[in-house]
Amino acid sequence: MIDNEIDFAGEVRRLLQADGYAVHGGDRADDPELVGRFWFSWMPPGMAEAEVGPACETEPAAWTTALTHRLDISRIEHQRVGSDPPPATMEPFQA
């Protein structure tokens, strides 16, 4: 059982990562407009190209947009590439 909101946020992050989400931070090697900004990418195994979320001011905001993306697609099947079995993923959230 999760006892506080920090544990909850960490658990949500862990589940999103298991589903193929990652959060990235911009630096000098990226576009100058991305320095100090954060965004998520989603690329589960077998997916041909990553989806990329919008740039956000903070890392927690980027994780929030990743969660929003996950909730938006929770009922949409994505097309798999190759013959690997699908990885274990989060169950759909209940409204």
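Trainee: Which residues do ring pairs link into a cluster?
Mentor: Start with the rule. Rings of Phe, Tyr and Trp (its six-membered ring) pair if their centres lie within 6.5 Å; planes under 30 degrees apart count as stacked, over 60 as edge-to-face and the rest as tilted. Here, ring pairs join Tyr21, Phe40 and Trp42 into a cluster. This is a predicted model, so local features need pLDDT of at least 70 and side-chain atom pairs count only at pLDDT 80 or more, while totals for chains, interfaces and linings use all residues. Residues are numbered from 1 along each chain as its sequence is written, and side-chain values use heavy atoms, with hydrogens and water left out.

Trainee: How many aromatic pairs does the rule give?
Mentor: The count is 2 aromatic pairs. Tyr21 and Phe40 have ring centres 5.7 Å apart and planes at 50°, so this pair is tilted. Tyr21 lies in strand 1 and Phe40 in strand 2, so the pair ties together parts 19 residues apart in sequence. Tyr21 and Trp42 form a stacked pair, with 5.8 Å centre to centre and 25° between the planes. Trp42 also lies in strand 2 and Tyr21 in strand 1, so this pair ties together parts 21 residues apart in sequence.

Trainee: Are Tyr21, Phe40 and Trp42 buried or exposed?
Mentor: Cut-offs come before labels. Buried means under 20% relative accessible area, exposed over 50%, partly exposed in between (1.4 Å probe, protein chains only). Tyr21 is buried at 3%. Phe40 is buried at 4%. Trp42 is buried at 6%. Across the protein, 23% of the 95 residues count as buried.

Trainee: Which residues make up the largest nonpolar core?
Mentor: General idea: in soluble globular proteins, nonpolar side chains tend to be buried together. A nonpolar core is a set of buried Ala, Val, Leu, Ile, Met, Phe, Trp, Tyr and Cys residues joined through side-chain atoms within 4.5 Å. The largest one here has 12 residues: Val12, Leu16, Tyr21, Val23, Phe40, Trp42, Met47, Cys56, Ala62, Trp63, Ala66 and Ile73. At least two residues each come from helix 1, strand 1 (21-25), strand 2 (38-42) and helix 2. Helix 2 supplies the largest share, 4 residues.

Trainee: What is Phe40 in contact with, leaving aside neighbours within four places in sequence?
Mentor: Contact means heavy atoms within 4.5 Å. With those neighbours set aside, Phe40 touches Tyr21, Ala22, Val23, His24, Glu51, Val52, Gly53, Pro54, Ala62, Thr65, Ala66 and His69. Now take His24, in strand 1. His24 is partly exposed, at 30% relative accessibility. Under the same exclusion, its contacts are Arg37, Phe38, Trp39, Phe40 and Ser41. His24 and Arg37 are 13 residues apart in sequence and 8.4 Å apart, C-alpha to C-alpha.

Trainee: What share of the contacts with a separation of 6 or more comes from residues 24 or more positions apart?
Mentor: That share is 37% in this protein.

Trainee: Which residues line the second largest pocket?
Mentor: Rolling a probe the size of a water molecule over the atoms shows where empty space is left. On a 1 Å grid over the protein atoms alone, a pocket is an open set of points where a 1.4 Å probe fits, with protein on both sides within 12 Å along at least five of seven lines; lining residues have an atom within 4 Å of a point. In this model the lining is Phe8, Ala9, Val12, Arg13, Leu16, Pro60, Trp63, Thr64 and Leu67. Helix 1 (5-18) and helix 2 (59-73) each give two or more residues to that lining. Helix 1 gives the largest share, 5 residues.

Trainee: Where is Leu67 found?
Mentor: Leu67 is in helix 2. Leu67 is partly exposed, with a relative accessible area of 23%. Leu67 and Val12 are 55 residues apart in sequence, yet 8.0 Å apart in space, C-alpha to C-alpha.
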